[in-house]
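Open the model in your viewer and keep the selection tool at hand. Each stop below says what to pick next and what to look for.

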Amino acid sequence: MVNELTEARRIRVTGVVQGVGFRPFVWRLASELKLNGWVKNDAAGVEIHAEGRNLDVLITRLRSEAPPLARVDAVTLQPAQVESHAGFMIVESTGGKVSTAIGHDTAPCAACLAELFDPDNRRYRHPFITCTHCGPRYTVTRRLPYDRPQTSLAPFPFCPDCQREYTDPADRRFHAETTCCPNCGPRLQLLDAAGQPMAGDPIAAALALLNAGKIVAIKGLGGFHLACDARNAATVALLRERKQREEKPFAVMLGAVLSAPTFAVLTADDVALLESSERPIVLLPKQPAADALLAGVAPGLGEIGLLLPATPIQCLLFHDAPDLVLVMTSANPHGEPLVIGNDEALQRLAGSADAFLLHDRDIVVRCDDSVRRVDGFVRRARGYVPRAIRLPHQVPSVLAVGGWFKNTICVTRGNEAFVSQHIGDLDNAAACGFFEETVTHLLHILDVTPEIVAHDLHPDFHSTRFAAAFAAERGIPALGVQHHHAHIAAVCAEHGVTEPVLGLALDGIGLGTGGADGTAWGGELLRVEGPSFERLGHLRPLALPGGDVAAREPWRMAAAALHALGRGDEIVRRFADEPAAATLLKMLERGIHCPQTSSAGRLFDAAAGLLGACRRTSFEGQAAMLLEGLAARHGPVAALAGGWRSEAANCLDLLPVFAYLADCEEASGGAALFHATLAAALVDWVAGAAVRTGIRHVAAAGGCLLNRLLVAALRAGLAARGLTLMEARTLPPSDGGLALGQAWVAANASNAANECRQP
Ligand code: ZN
Ligand code: ZN
Ligand code: FE
């Protein structure tokens with residue numbers, strides 16, 4: 001009823017407000033408050049026209065009562081004409097320039113789970129149950145605005161019952177774009193190794209196969225998994241053989257958090273993280289009994305990765321077999337990108353899987369499981385992408401293409417940075433294809449036209465070559481960012497720090513500024529300020545005997561350390577069973593094919609090699625992980641007195657501790673001592689630089705920051721010296737976070753250039 005108290009407002013809501021039940025929420029609120037008007041999705045978010053009395057109450061409650069998956073960034077108001085609507089309506093989406101966000105994929109909510117196992121519900125045991133508060137989002141959405149025709153549910157027209165729910169504002173599936181039911185939704189199927197349908201209920205039949213020690217490919221949210229009984233050592237060994245993944249740890253899925261303490265030590269925060277709707281793989285300290293119970297799952301390592309069911313299909317499997325413990329490993333043969341298509345699965349997983357549990361709802365966007373701990377990420381993907389990272393100020397639109405290992409890309413828009421899901425190592429054509437696909441998709445869904453492209457300094461990375469071509473094609477600048485500068489800049493961006501920081505980069509190997517012939521960097525102390533940095537110091541370089549191969553053979557790094565200690569004569573005796581030992585000694589003596597590196601990662605390799613913990617690695621970081629596992633089992637020790645030298649302020653020399661390790665009889669004690677001494681040396685080094693420069697903020701990043709023991713010791717040590725340590729929190733500290741740092745440097749460089757141009 002229009003009267004003199006009726007007023008009207010146009011209300012714009014931005015943030016994550018599409019695909020999260022925001023319009024029905026607005027509808028219910030407006031109905032309760034007896035307001036008239038409409039709500040719609042558009043490319044900028046949600047727009048509301050509301051008229052009636054007490055509009056302020058609506059505006060307050062839009063923020064305070066927003067649906068669980070929504071993130072309201074801003075609510076802006078404009079006065080409007082009273083249009084005398086009769087009632088409140090949800091109206092059709094309109095297109096236009098896209099500047100809103102897609103929601104992330106989440107596990108089934110409690111209400112959907114209750115229906116899933118209620119025999120009287122029409123969705124009883126429906127493997128695709130979802131609602132406005134849960135289910136697939138990013139992985140099923142082709143483009144914005146988020147509406148059913150833009151998702152992979154488009155081929156499934158609603159049945160009359162679903163249509164009624166979708167259009168009934170009082171229903172909890174009102175405008176739930178991914179909703180469906182047994183009458184109109186996708187179908188679950190179990191196929192045998194030859195791709196032929198198998199008889200019986202797909203869930204029951206798949207369980208029978210798993211219990212019989214078979215390997216089943218299961219279609220998940222962002223790709224296929226290979227699943228098998230984690231307690232069956234023979235099957236786990238067979239899976240390793242078929243995947244050709246000799247030693248990399250497997251993640252383990254449990255039905256409920258109650259069974260987790262059998263395998264891992266958990267805090268309340270760990271439990272909350274396991275049960276969070278993002279359902280990441282959570283890395284947890286192993287129980288001593290875990291290796292015997294789950295033989296071959298994560299051999300020799302101190303941690304085990306656990307996760308809980310993330311899809312209704314997984315929930316059904318574990319509901320019917322509550323004691324089930326499954327290895328759930330990404331189906332990515334030969335380190336290539338994850339399998340997402342049904343035909344692709346039958347082809348690429350032929351020989352790996354004994355059966356295929358799949359369905360006809362397409363995965364539009366490939367997205368691996370996320371791997372993390374409570375305090376940070378190892379791999380950021382499903383459940384977290386495409387959430388934005390807020391930057392401290394507006395920046396130009398940058399495309400940053402990351403590095404080589406664990407590639408991700410980053411696109412900035414306004415004051416937000418969007419980092420892609422984990423893409424992988426760009427060492428094969430398929431991964432490079434996925435990389436390019438991701439660039440196109442991310443720019444498309446964000447509707448960003450980059451003004452600058454940022455890349456690593458290394459000229460041979462696929463990402464670097466791509467960046468050069470991309471920039472040339474569009475006539476925009478390309479900026480090379482030094483690898484460790486980018487690592488530190490990523491932490492600064494995340495923390496919104498614009499003042500100078502001391503950057504401690506502890507990494508594998510990255511190209512320094514000296515060009516391809518210079519020393520490979522990787523253990524650097526930098527002074528980082530905005531787009532520029534200065535190298536204050538570095539770890540004492542060690543030789544890489546044989547070049548890149550030394551990064552995969554820790555015994556070579558041990559030999560390099562012995563040679564540096566003047567104990568080269570021990571090399572052949574210690575590594576008598578290594579045919580290359582004598583040649584290696586000659587190379588070291590003559591300095592032939594022995595490039596130098598200040599890499600901290602290679603120090604871990606050298607220590608592991610000297611302690612006999614690891615001769616050769618089969619995946620990046622393995623020696624350091626084994627060393628950390630040994631040290632964790634041993635327990636804390638004090639740092640070795642005199643274990644390092646830093647007479648020259650710009651060079652930290654850890655050879656003294658290596659002299660000790662070379663004579664150490666007991667590997668786990670040696671590993672603990674190495675961790676303690678390295679941390680103490682680094683704290684001393686950084687604290688010295690803090691005194692000299694007057695800078696109190698320390699940012700640390702690089703692959704070595706994934707080492708739990710090292711990080712804990714650095715935190716405590718720096719705090720004791722009155723210094724704050726900033727770490728990567730919402731992105732991995734390793735190369736998975738590199739793109740954000742590249743983007744931040746390029747954005748600041750561009751801002752600085754624009755400021756210079758001001759009169
Ligand atoms: Zn739900
Ligand atoms: Zn239906
Ligand atoms: Fe790196």
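Start with T464, which sits in helix 12, residues 462-474. The model is predicted, so treat each stop as a computed picture. Is T464 buried or exposed? With a relative accessibility of 7%, T464 is buried, because the cut-off for buried is under 20%.

**Second stop: the zinc ion**

Select ligand 1, the zinc ion. Which residues hold it? The SG atoms of C109, C112, C131 and C134 coordinate the zinc ion at 2.3 Å. Look at the arrangement of the four donor atoms. The angles among them run from 103 to 116°, and the site is tetrahedral. Along the sequence, the donor residues follow the spacing C-x2-C-x18-C-x2-C.

Now colour C109 and C134. This pair links distant parts of the chain, 25 residues apart. C109 belongs to the loop between strand 5 (88-90) and helix 3 (110-116). C134 belongs to the loop between helix 3 and helix 4 (160-167). C109 is buried at 17% relative accessible area. C134 is buried too, at 0%.

Move to ligand 3, the iron ion. Its donors are H483 (NE2), H487 (NE2), D507 (OD) and D735 (OD), at 2.0 to 2.2 Å. What is the geometry of this site? It is irregular, with angles of 87 to 168° among the four donor atoms. The donor spacing along the chain reads H-x3-H-x19-D-x227-D.

Pick out H483 and D735. H483 is in helix 13 (residues 483-495), while D735 is in the loop between strand 29 (724-726) and helix 22 (738-757), so the pair ties together parts 252 residues apart in sequence. Both residues, H483 and D735, are buried.

**Last stop: two packed helices**

Select helix 1, residues 22-32, and helix 2, residues 55-64. Their axes lie 11 Å apart, and the helices pack at an angle of about 145°. The crossing of helix 1 and helix 2 is right-handed. Show the side chains where they meet. Helix 1 contributes F22, F25, V26, L29, A30 and E32 to the contact. Helix 2 contributes L58, R61 and L62.

Key. Residues are numbered from 1 along each chain as its sequence is written. Chains are lettered from A and ligands numbered from 1 in the order in which they are written. This is a predicted model: local features need pLDDT of at least 70, side-chain atom pairs count only at pLDDT 80 or more; totals for chains, interfaces and linings use all residues. Side-chain values use heavy atoms; hydrogens and water are left out. Helices (H or I, at least four residues) and strands (E, at least two) are DSSP runs, numbered from the N terminus. Buried means under 20% relative accessible area, exposed over 50%, partly exposed in between (1.4 Å probe, protein chains only). Donors are N, O and S atoms within 2.8 Å of the metal (3.2 Å for Na, K and Ca); water is not among the atoms, so sites may look incomplete. Four donors count as tetrahedral if all angles lie between 85 and 135 degrees; four count as square planar and six as octahedral if opposite donors are over 155 degrees apart and all others between 65 and 115; anything else is irregular. Axes are lines fitted to C-alpha atoms, for helices over the stretch in contact, and angles run from 0 to 180 degrees between N-to-C directions. A crossing is left-handed if the near helix is turned anticlockwise from the far one by less than a right angle, and right-handed if clockwise. Contact means heavy atoms within 4.5 Å.
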